[in-house]
Amino acid sequence: MLIVMDRAATEVEVAGVVAAAERRGLRAHPIPGAQRTAIGLTGNRGAIDPAAFENLPGVLEVIKVSHPYKLVSREFHPQDSVVSVGGVPVGGTHVVVIAGPCAVESKEQTVTIARAVKELGADLLRGGAFKPRTSPYSFQGLGEEGLQILADAREATGLPVVTEVLDTAHVELVARYADCLQIGARNMQNFELLKRVGQAGRPVLLKRGMSATLEEFLLAAEYLMAEGNADVVLCERGVRTFTDHTRNTLDLSIVPAVERMSHLPIVVDPSHGTGRRDKVVPMSRASVAAGADGIAVEVHHKPEEALSDGPQALTPDMFAELMAQLRPIAVAVGRTV
Ligand code: PEP
Ligand code: MN
C-alpha cells in the first residue's frame, strides 16, 4: 500500500501516518519527493484496509499496490493451471466445449442431447438438476432424479458431467454424481457454499456474479482454493448493463484480464451471456479469439418445448455449425477445438 500525502502535509502529519502504521504492526517507509511525500507500507500478512489511513490528517490518497488474493494469482503460480474434469484437461491448448441443456427435464431429453453433442465434438456435458430460477413458480429442476439422469447420460456417452450445486445442504449429494460442481452467478458470493464446495474434492466451475468485479470474482475463487481445492475453472457469463438487445452483456475483456492476473483457466458462456440463440455462435467465435479456454453452451433438441432458457438454446444443427466455425479460429490462435 502506498500513502500519498497532501502537498501541504506537515512533518507531524507524516509522523502521524508512520505511527498509525506501526501501531498495526506494519513498517512505514517515507519517500520524500519534490512536491509531496509518499509513504510505502510493508510487512502486512493480508490486505490492509485503506479506510484505516484515508482519513488521517494530511493524507491525499491511498493506493493499493498488491492484491488481496494470493492462491489464484499469477505471482503465486506463474504457469497456467490445467484442471482435469473427469479426465478432460481444461486450460491446455485444447479449447473445451461444454454443452447440454439448461435443465435436466427427463432421461429421454438429456440422453438425446448428450448423444447429439458428443457426436458433434463436445468434451463435457452440462445440465442443471437444481435450478436457480428467478421465479418460485418456474421449473426448479428434478433434484436427485436429475443427477441420476446425468449419470446415465455420462454412461451412455462417456462425457463427464458439469452440474450446479445451489445449496450447502446438497454439496455431498451433487458431488457423488458430478465430475465438476458448478457454482452459479447468483451464488458467486455465497461464502458458506464456496467453503463447502472447496472441500468437496471435485473440480469447480465458478460463474461470475452478474455484477461482480474482476477482484470479487478472483476472491470468490480464492475461497475455493483456500479450502485446498486447486481445481477451479472460472466462467464469464455476462453482466447486467442497460442493454436490451441481449439478456446480459458478455464481458469478453475479462478473458485477457483474468489471464494477466491469474493462472486459472477461464471459459465463456455465451448462452447466458446473450440470452438469444442467434448471438451464441458469433460470441463463441469471439470468445475463442479472445483466448478463452473453453465455451459453455446450452443445446436443446426441441428448444420450443424447453422448461428453461429455450430462447438461448442452440439446436443440434446450430451446434454442429458452431463447432465447424470454431475450428479455424482455434487454429488461428494456436489451439484446437
Ligand atoms: C446455468 O449455467 O445453468 C446458470 C443458471 O447460469 P448462471 O448461474 O450463469 O445464470
Ligand atoms: Mn440456463
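Analyst: Helices (H or I, at least four residues) and strands (E, at least two) are DSSP runs, numbered from the N terminus. In this structure the protein chain has 11 helices and 14 strands. The model is predicted, so local features need pLDDT of at least 70 and side-chain atom pairs pLDDT 80 or more, while totals for chains, interfaces and linings use all residues. Residues are numbered from 1 along each chain as written, chains are lettered from A and ligands numbered from 1 in written order, and side-chain values use heavy atoms, without hydrogens or water.

User: What does the C-alpha trace span along its principal axes, and what percentage of the residues count as buried?

Analyst: The span is about 75 × 45 × 35 Å. Buried means under 20% relative accessible area (1.4 Å probe, protein chains only); 51% of the 337 residues count as such.

User: Which residues surround ligand 1?

Analyst: A residue belongs to the surroundings if one of its heavy atoms lies within 4 Å. Here they are Arg126, Lys131, Pro132, Glu164, Gln182, Gly184, Ala185, Arg186, Lys207, Arg237 and His272. By class, this shell has two nonpolar, three polar and six charged residues (Ala and Pro count as nonpolar, Glu, Lys and Arg as charged, and Gly among the polar ones).

User: Which side chains have an N or O atom by an oxygen atom of ligand 1, and how far away?

Analyst: A polar contact is a pair of N or O atoms within 3.5 Å. For oxygen atoms of ligand 1, the distance is 3.0 Å to the side chain of Lys131, 2.9 Å to Gln182 and 2.7 Å to Lys207. Alone, ligand 1 exposes 290 Å², of which the protein buries 97% (Shrake-Rupley method, 1.4 Å probe).

Methods. Polar contact = N/O pair within 3.5 Å; in protein donor to acceptor, adjacent residues only side chain to side chain. Buried < 20%, exposed > 50% of the residue type's maximum accessible area, 1.4 Å probe, protein only.
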